[in-house]
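Today I'm looking through one protein model and jotting down what I find.

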Amino acid sequence: MVGITKTLKGQQEPRVILDGVDLTVDPGESVAILGRSGSGKSTLLSLIGLFDRPDDGHYFMDGRDLARIPERKAAALRSAQFGFVFQRFFLLKHLTAAQNVAMALVNGQGWLPRRHRRARVLEALDLVGIAHLAKQRPAKLSGGEQQRVAVARALVRQPKLLLADEPTGALDTETGNLVIEVMRAATDRGCGLILVTHDHAHAAKMQRVLTLTNGVLTAPDQSPTEVLTAPDQGPTEVLTAPGWGATEVPA
Ligand SMILES: Nc1ncnc2c1ncn2[C@@H]1O[C@H](COP(=O)(O)OP(=O)(O)OP(=O)(O)O)[C@@H](O)[C@H]1O
C-alpha cells in the first residue's frame, strides 16, 4: 500500500490518524508494527484487513487496487485472503476446538465436504501444536491454548496474510512467546504476517520492525521523511502488497 491516509471523525475535531502510510509485505514475510497507544495501529490493520477503506492512497493486491472496493467484494476477499487474530480469542464456548476452527471453513456455498474439512482442521490444529486438544471446549483450555485455537482458525483457510492485533496482550510472557512462535512458523509456508504489538521482544522476532509515528510507518533508523525509500528499495518498489511484484503496479 502506498500513501494511505485516514482521518477519523468522532464527536470532536476530525483527526488525521494515518498520513501517508507506505507498506509492502512479501509472501512469507513477517512485519511487526510498534507505536504508542492511539497512534493508529489498529486503524491501519483494519484498512489492511479491508474492514475499512482509506480516504486516499492505493492498496494493491493481486493486480487490483482495493482502496475503494465496495463492502460486498471486501467481505469475500477478507475471508479468502486474510486470517485475523485479536487480543481476545473470540472462541464459541459451546463448540470444541476443532469445531471453532471449522467455523472458518463455512463459505458462500456452505460447508466444504466433511472429509476435506476434517483434514484441513486437523492440519491447522497440528500446525499450532494442539491437534491433541481438538475435542476440548474452550473452558478446558488455557489462555495460550485458546489463542492457538484462534490462530488455527485464522490459518485454516490458508490465508495470504495473517493480521494479528496484540495477540499476546492477554497472555503471560512464556505463553505469549509460544503464540508468537506458531504465527511466525506459519510464514514458513508463505503466509505473510503483520503483528501489531507493544512488546518489543515479540516485535524483534519478526523479520522487519516498523513504528507508526505521527501517521507514518518508519523503520528504526529512518526519519519519517525517509520512509518512501526503504532500505534496498527504490521508491517504486514500496508499491507492492502480498503476492505482488512492483512491476504489477500501474504507473
Ligand atoms: N471509530 C473511531 N472514531 C473516532 N476515533 C477513533 C475511532 N477509532 C479509533 N479512534 C481514535 O483513533 C486513534 C487511533 O486508534 P487506534 O485504535 O488505531 O490506535 P492504536 O495504536 O491501535 O492504539 P492501542 O495501542 O491503544 O490499541 C485513537 O486516538 C482512537 O481514540
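**Whole chain.** I began with a reminder to myself that this is a predicted model. I looked up the elements and got seven helices and 11 strands in the protein chain. Next came burial: of the chain's 251 residues, 38% count as buried. Then I checked contacts between residues at least 6 apart in sequence, and 69% of those join residues at least 24 apart.

**Helix α6.** How far apart are the end C-alpha atoms of α6? This helix runs over residues 173-186, and its 14 residues should span 20 Å at 1.5 Å a residue. I found the end C-alpha atoms 20 Å apart, so that agrees. Then I asked which residues of α6 are buried. My list reads G176, V179, I180, M183 and A186. They cover an arc of only 110° around the axis, which means they sit on the same side of α6.

**The six-stranded sheet.** β9 turned up again in an open sheet, where I read the order as β7-β8-β9-β3-β10-β11, with mixed pairing. At the edges I have β7 (82-85) and β11 (216-218), each pairing on one side only. From one strand to the next, the twist averages 20°.

**Zooming in on β3.** Strand β3 (residues 30-34) pairs with β9 in the parallel sense, over four bridges.

Conventions. Residues numbered from 1 in each chain as written. Predicted model: local features only at pLDDT ≥ 70, side-chain atom pairs only at ≥ 80, totals over all residues. Helix = DSSP H or I, 4+ residues; strand = E, 2+ residues; numbered from the N terminus. Buried ≥ 20, exposed ≤ 12 C-beta atoms within 10 Å, placed from the backbone. Contact = placed C-beta atoms within 7 Å. Expected span 1.5 Å × (residues − 1). Arc of directions from axis to C-beta. Pairing = 2+ DSSP bridges. Axes fitted to C-alpha atoms, helices over the stretch in contact; angles between N-to-C directions.
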